[in-house]
Amino acid sequence: MTRKGLEGGSYKPLSADDIAQIHDTAMKVFEEVGFQINSEKALKYFRDAGAKVDDNIVRLPRQTVLDLIRQAPSEVILYGREPKHNLNLGGARVYAGTGGTALNIIDGISGERRRATLQDLKTIARLVDGLENIHFFLLPTYPNDVPAEDVDVNRFFAGLDNTSKHIMGGVYTHEGIQQVLRVAEIIAGSAEQLRREPFISIILCAISPLVIDKEYGDMIVTMAQAGIPLALPAEPLCGSTSPVTLAGNVVIQTVDSLAEVCLTQLVNPGTPAIFGSVASSNDFRDLKYVTGCIEMGLVNTASAQMAQFYGLPYYATAGMSDAKVVDAQCGYESALTLLLCALGGANYIHDAAGLLDFALSVSLEKYVTDDEIIGMVMRAVEGIKVNEETLAFDLIKEVGPGGHFVYTRHTRKHMRTEHYQPSLSDREHLERWRAEGSLDTATRARAVAERILSAPGYSLPQEIRRRILDEIPSVID
């Protein structure tokens, strides 16, 4: 049983007064501090809207900010190539999937690592397509064997040709954007059909604190004109690119992402814009970026509440680990941040599968273990159903004191849906576990990955593949 799109929101680290104070502070930043825009294309839209622009610092009245936010859709549907993979982002509905972009791939058992290739990306896409609790495929690795100018289109093609789940990814060049759009239009059948049911979406990230750079500013303008869904996160880090306090971090993240949302609505009102956060912290011993800290879960969950306050769909970050192999640290760091965000109602939780080693690396074994974690987390999001059937008074009365419920129809009816059924976790007695080889989690995960990858996988129809390869020579088959 796959659980996705369930309503979260039971965990709220911020009170209503906390949200009001963060909102008010964010609006004061818009009005009194402003944000830097290094894209002349983007600056023109703000000037034309009457913003106060001093050189490249833009200040906006709070009412203008709120008016622009209201133009953005409160719900965004990200389509899969099959309807069962559609994601309806908004409210407190929860989905979780992959993220990146990692440079390395790690053997989850030996810990040996190497640079990731285009073939690795295809392999990961095939694996994720067979893991039912991973709801979407955000392109997770950088293909180090592909020329830089061809990376964008080949990353997206690798995903589109190996999984029917929704594909999201970052882009690096304008030419890459155009090639990615062309590939997707060929698959969809037309540009109009792609915009009606977008099975790709693009990530464009602000630079914390309070900067939209030239390249990403220009790209936001281009993609908003195209009407493709945009995830618009920021990555403030406590103590370096944001105040060290979690509340201060959420303020910076809120302004950074809302500035991008405002730009999309100035360019093309109604552009599907997804408020987003990749916020985390630093290791204060040496200021390196950390991904497994519990504070990442807290600030990303707080930002879910801010997204709900503004009525925007939300792209969150959770589920990573700073461990180097699939071990206990890898499990508890990934599970804790993911659980907080999911219970908080974050819509699109990326990085929830596969990443470790400060987000520098991925592991096939970790994709499998994270699939299990996501399944358990989604069961927690589902919560406890209380009704006449689940309270089971008549059954309790029938069985009575000293009886048992093992063989009842009620148990048979509910046992597989009321309780999460693990596909990886070991629940055998010690003697049987030893008899079967005393396998640890990483070794069992390796076997699951090998089983999925040995079976036939998803691919595009041959006539579509051939057309893409003929029309776009930089695509690698």
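Biologist: Which residue of β16 stands opposite Leu230?

Modeller: Ala273 does. This is a predicted model, where local features need pLDDT of at least 70 and side-chain atom pairs count only at pLDDT 80 or more, while totals for chains, interfaces and linings use all residues. Residues are numbered from 1 along each chain as its sequence is written, and side-chain values use heavy atoms, with hydrogens and water left out.

Biologist: What makes β14 and β16 a pair?

Modeller: Two strands (DSSP E runs of at least two residues, numbered from the N terminus) pair if DSSP finds at least two bridges between them. β14 (residues 230–234) and β16 (residues 273–277) have 5 bridges, in the parallel sense. They therefore qualify.

Biologist: How many bridges link β12 to β14?

Modeller: β12 (residues 200–203) and β14 share 2, again parallel. Two is enough, because the rule asks for at least two. Here Ile202 stands opposite Leu230.

Biologist: Why is β14 called largely enclosed?

Modeller: Buried means under 20% relative accessible area, with exposed over 50% and partly exposed in between (1.4 Å probe, protein chains only). In β14, 5 of the 5 residues are buried, so the rest of the structure largely encloses the strand. Leu230, Leu232 and Ala234 lie on one side, Ala231 and Pro233 on the other.

Biologist: How many residues of helix α5 are buried?

Modeller: In α5 (residues 151–160), 10 of the 10 are, so this helix too is largely enclosed. Helices are DSSP H or I runs of at least four residues. Among the buried residues are Asp152, Asn154 and Arg155. The buried set packs against α4, β10, β11, α6, β12 and α18, by contact, meaning heavy atoms within 4.5 Å.

Biologist: What makes the span of α1 close to the expected one?

Modeller: Helix α1 (residues 16–33) has 18 residues and reaches 25 Å from first C-alpha to last, against 26 Å expected. The expected span is 1.5 Å times one less than the number of residues. Just after α1, Gly34 takes a positive phi of about 80°.

Biologist: Why do the buried residues of α1 count as lining one face?

Modeller: Seen down the axis, they fall within an arc of 150°, so they line one face. That arc uses directions from the axis to the C-beta atoms. Ile19, Ile22 and Phe30 are among them.

Biologist: Which residues have the most contacts inside the largest nonpolar core?

Modeller: Phe46, Ile200 and Ile349, in a core of 125 residues. Such a core is a set of buried Ala, Val, Leu, Ile, Met, Phe, Trp, Tyr and Cys residues joined through side-chain atoms within 4.5 Å. Its largest share, 11 residues, comes from helix α9 (residues 246–267).
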